[in-house]
Amino acid sequence: MLELISVTKTFGRIKAVEDVSFSIDKGEFVFVTGPSGAGKTTIIKMILRDLLPDSGQILVAGKDITDLPLKQVPFLRQKIGVVFQDFKVLPEKTLRENIEIALAICAVDRSEWKDRVDNVLEITNLTKRQKLFPSQLSGGELQRASLARAVVVNPRIILADEPTGNLDWDTADSIIELFKRINAEGKTIIMATHHNLIIKKYADRLIEINKGRLVNDTKKKKADKKDNTD
Amino acid sequence: MKNIHIKSVADHVRRSPFQALSVVFVLSVSFFVATVLSILVYSSSQVIKYFETRPQVIAFIKGDAKTEEINLLKNKLLRDERVKDVRFVSKEEALEIYKKATSDNPLLSELVSPDIFPASVEFSLTDLSYAEEVIGEVKKEQVVDEIGFTASLGGEAGLTDAVERLRSISWYIRIGGGIFVTLLLTTSFVVLFVIIGMRVSTRRGEIKILDLIGATPSFIRSPIILEALTYSFLGVFIGWISALLLILYSTPMVISYFGEIPVLPSDTSRLLLIFAIILAAELLIGFFLAFTGSVLAVSRIRKKP
């Protein structure tokens, strides 16, 4: 589903990501963790083609997105749902309109909008809040709205960049439960977080980044372990 | 999808009504002036056309001239591309004209017979600059006794002056008006560009979000262009309707003041047709201003990191 091959990204003299390689299968829920400034967000941004790596390849569904023409980038992003730490909802639109705009962007037939939006509102438990504006919602509700917007277009992959960064533990926990539910429906989720409690409780697979380098991939470890026992 | 953009435009206008009002006001003023100036240019061209097309030259025919000779001269003038509206006025017709002119004193017309009036060939010129040349040629004709000019040409001596005067007035109205309208439209464009630029700037975060969730550039631009088009078309309609009302209100006064000079068409349908043409042209200009202004404003913002 997703593969990074020797990806390096520098900002001036700073190496944000250095020779990072990993692959993620369809339906996996992967946590990318590491301290602040480790390079987690840079990786997320490169997968979203918000940044271009200096070298290496990023394969999404077998296609290298680093040489994707600029005109094709929006169509790549339409296939990837994205949830941000700061929610990035449109402040002048109601919660429902925020979700609908994702459908409009993906040119989903208008006749499908109601069912799809109602469905994600129900999943994220936001049905009663749908007519409210972002300024009238709590942090947890905004993050669920952000998730609803990401999910409504039925993306192949969902990227989440510190989605619990601004939330208290209980709210964060409920958000991750929601991600788990969505993952159970077969969606591939890549979540950047440094929330240790969440990692301890939920991480099936953990990719650890430090100073731009991949220092630990639990899947690789498991595979190596399996090879050794065999 | 369209509804989402229209709703976005309505929301933006509702949330910043004063910016919207200011840009619509400036555009309305510009298109009001443009409409009035267009009518002024039309009227000035009608005035020039009136003076150019009314019979300007009268070739008085010698008393002993034969009908064939007169017809020869008439046909020669009819074939001449510099000349138009050639009309033969017989002695009897000349008497009728005299009677009409002296209708307030019937005694004067009773004392004269058609014989004392010379027959004449009246004609006008397609362009006043041909006047001296054509008159010179007609003078040489054997059947022509003498040449008369209408008051608009001010006689032979003032011919060049009259032509130059009319040409100057026409030039000032057309060029001066054109420059003025261009300046106003440029100002409108700048105001529209600045307001849309401000709108885009305040929506930069929104544009970035849309970009990240996969909106194509055309999706991002659509509500902004639609907003600019809304302002522009509103400006065109308000300016145009104001000018139309003003002209309709003043038409009777203008027509009675200028008398037989058709500065404005007395036929309402023709006047409305002229206004419809002006509206079509202004809508086209409005579309151009809004489209280029908004596309430039968006591209300027999107280039920034």
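1. Arg96(A) and Glu100(A) both belong to helix α3 (residues 95–105) of chain A, where they sit four residues apart, about one turn of the helix. The two side chains form a salt bridge whose closest N and O atoms are 3.5 Å apart. Both ends are buried: Arg96(A) has a relative accessible area of 15%, and Glu100(A) has 16% relative accessibility. The cut-off for buried is under 20%. Note that this is a predicted model.

2. A second salt bridge in chain A joins Asp173(A) to Lys201(A), with the closest N and O atoms 3.0 Å apart. Asp173(A) is in helix α6 (residues 169–184) of chain A and Lys201(A) is in helix α7 (residues 196–202) of chain A, so this pair ties together parts that are 28 residues apart in sequence. Asp173(A) counts as buried at 16% relative accessibility, whereas Lys201(A) is partly exposed at 46% relative accessible area.

3. In chain B, Glu137(B) forms a salt bridge with Arg82(B), and here the closest N and O atoms are 2.8 Å apart. The pair links distant parts of the chain, 55 residues apart: Glu137(B) is in helix α6 of chain B, and Arg82(B) is in the loop between α3 (67–79) and β2 of chain B. Glu137(B) is partly exposed, with a relative accessible area of 38%, while Arg82(B) is buried, at 15%.

4. Some salt bridges share partners, and these join Asp50(A), Arg77(A), Lys208(B) and Asp211(B) into one network. Over all chains, a search of the whole structure finds 27 salt bridges.

5. Helix α8 (residues 204–212) of chain B packs against helix α9 (residues 217–258) of chain B at an angle of about 145°, and the axes are 10 Å apart. From α8(B), Ile207(B), Leu210(B) and Asp211(B) meet Phe219(B), Ile220(B) and Ile224(B) of α9(B). By class, this contact has five nonpolar residues, one charged residue and no polar residues.

6. Which residues touch the most other members of the largest nonpolar core? They are Leu4(A), Ile58(A), Leu159(A), Phe179(A) and Leu210(B), in a core of 121 residues. Helix α9(B) supplies the largest share of this core, 11 residues. Another core lies apart from it and has 20 residues, including Ile70(B), Phe123(B), Val134(B) and Val143(B).

7. Chain B has an open sheet of four strands in the order β2-β3-β1-β4, with antiparallel pairing. Its edge strands are β2 (83–89) and β4 (144–149) of chain B, each of which pairs on one side only. From one strand to the next, the twist averages 20°. Strand β1 (residues 57–61) of chain B pairs with β4(B) over five bridges in the antiparallel sense, and the bridge partner of Ile58(B) in β4(B) is Gly148(B). Helix α6 (residues 131–139) of chain B lies across β1, β2, β3 (120–125) and β4 of chain B, and runs at about 160° to β4(B).

8. In chain A, strand β1 (residues 2–11) and strand β2 (residues 14–24) pair in the antiparallel sense over seven bridges. One bridge partner in β2(A) is Val17(A), facing Lys9(A). The hairpin of β1(A) and β2(A) has two residues between the strands, and Gly12(A) takes a positive phi near 65° there.

Note on methods
Residues numbered from 1 in each chain as written. Chains lettered and ligands numbered in written order. Predicted model: local features only at pLDDT ≥ 70, side-chain atom pairs only at ≥ 80, totals over all residues. Heavy atoms only, no water. Axes fitted to C-alpha atoms, helices over the stretch in contact; angles between N-to-C directions. Contact = heavy atoms within 4.5 Å. Nonpolar A, V, L, I, M, F, W, Y, C, P; charged D, E, K, R; others polar. Core = buried A, V, L, I, M, F, W, Y, C linked by side-chain atoms within 4.5 Å. Buried < 20%, exposed > 50% of the residue type's maximum accessible area, 1.4 Å probe, protein only. Pairing = 2+ DSSP bridges. Salt bridge = Lys/Arg side-chain N within 4 Å of Asp/Glu carboxyl O.
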